[in-house]
Amino acid sequence: MSATESENERKRVDMTTGAIPPKLLHLAWPLVLGNLLQTVYNLADMFWVGQIGDGGVSVAAVSLMFPLSWMFVSTAMGITAATIALVSQYVGSGDDRMADRVVGQTILLTLTVSTVLAAIGLYFRRPLLILIGARDEVFVAALAYIEIIFLTLPLTFLFFAFRSSLQGAGDTKTAMWLVFVSAGINVVIDPFFILGWGPFPEMGTRGAAVATFISRAFAAAVGVLILLDGRFGVRLRLGDLRPNLSIQRKLVDIGYPSTIDGWARSFASVAMAGFVARFGANPTAAYGIGVRLMSVTWAVAGAVGNATATGVGQNLGAQTPERAAAVTRVATAGTMAFIFAVAGVLFVFPAQAMGIFVDNPAVIAEGVLFLRIMAPFWALFAGVMVIQGAFRGAGNTREAMVLSFLSRWIFRLPVALVLAFAWTLTIPGLGITIAALDWGIEGIWWAYSFGMVLSFVVAVGWFRLGTWKRGVIDRGTASDPAFDADSRAESDADHEYIDD
């Protein structure tokens, strides 16, 4: 089989031609389903840990890992955002060989970064647990869990590399099926390791971590085999694992803003939860339910944003920036229409929606207030998430990062402080006194809504400027500094091997 024939057989969605809506849907629905499968996996994990019968100690121990887990996931997201941008643009330009080379360097970078993080985490595991508040029995249970989870990091990062590589090339289904199978394995084996079913000893939280390790090892191994096979969007060649500093620098330069973006979102969420907690148990419970309802819309918008990233990247690679803009407009309009319809149902039936999760009238009343104030604006923030996806596909991850900072740290948190709380501030030397409005918990909800509106206005304005249309790849392998004489010689050898 010739090299050209092998490349043409790759399974992928070509976003550079044809009708945009069906191709976007083809890319997006596996991503949505994959997000939901991951949610089910997390819930199942927590369910089996909750069956240990230690008064909630194990649940608390596993829950404490969330802030640390999000930090690691954010780091991986930075690398994968860069991979999607580069792979999609090289595929769009017709340079599959450079796309493959990016995949090899992504694998190398993720393994290096995750191994370093795992080593640091294992070395400082006790101080880290104390820092995040683990004490006494919770500390012991969390330590048993975290020691295995840190060993799982390279496997988790490998799967992120696999998924982003295929997604950039236009294949989202393969990763979805692998998530489905690996999550299923984890759910099935959880009780055997956690509770000691059958011949297995009861391992508690360590058993949950062991089950996670096994399922992610399976996903990582199968993912690497699929990449080596080469029929699914991109191909991993062992020769491409040789360090290429030019591509590595490009991956880091494009990726680090996405990592900072993830950290900023995580810290902002913690800060807002702290604000809400000051108003008591009922608003806090309503907030927890409301955020989970919002997270469903975010899962959809985030998936469409990722699909948009692929479409934008391919079209910028093909030097069709106007079609890239059209992909973004279609994705944004379609997502906003869908989210507006969902939010509309919740706005009309807020008590019934809250009643699904809780039967406390006071909590339901707080939840009704939450939904009535915020739901009408969810579609706007969904639009922001899609536009951020377009920026990431173009490789303009800094713009996406700035949008996240603005929406959370400028348009939301300071506004919440002014609207929700009672305080006064006198400016020294001027004698001017500034007073907060003291709206109570409603101020928190209106701060969210205010942030969604302003973020959407800024995102649309920034998108219309068109500064994202340049892309981040050099045209042609001959002009790409990452594709030097040694690389071309290696590419020729690769093609000879395929012909054999």
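Visitor: What should I know about the model before we start?
Guide: It is predicted, so to speak, on these terms: local features need pLDDT of at least 70, side-chain atom pairs count only at pLDDT 80 or more, and totals for chains, interfaces and linings use all residues. Residues are numbered from 1 along each chain as its sequence is written, and side-chain values use heavy atoms, leaving out hydrogens and water.

Visitor: How many helices and strands does the protein have?
Guide: There are 19 helices and 2 strands, taken as DSSP runs numbered from the N terminus (helices H or I, at least four residues; strands E, at least two).

Visitor: And how many of its residues are buried?
Guide: Of the 500 residues, 53% count as buried, meaning under 20% relative accessible area with a 1.4 Å probe, protein chains only.

Visitor: Which residues of helix H17 are buried?
Guide: In H17 (residues 413-420) they are Leu 413, Val 415, Ala 416, Leu 419 and Ala 420. Seen down the helix axis, these residues fall within an arc of 155 degrees, so they line one face of H17; the arc is that of the directions from the axis to the C-beta atoms.

Visitor: What covers them?
Guide: The cover includes helices H10 (245-277), H16 (397-410) and H18 (441-465), where contact means heavy atoms within 4.5 Å.

Visitor: Changing topic, what share of contacts is between residues 24 or more positions apart?
Guide: Such pairs account for 78% of the contacts with a separation of 6 or more.

Visitor: What box do the C-alpha atoms fill?
Guide: Along the principal axes, the box is roughly 70 × 60 × 50 Å.

Notes: Buried means under 20% relative accessible area, exposed over 50%, partly exposed in between (1.4 Å probe, protein chains only).
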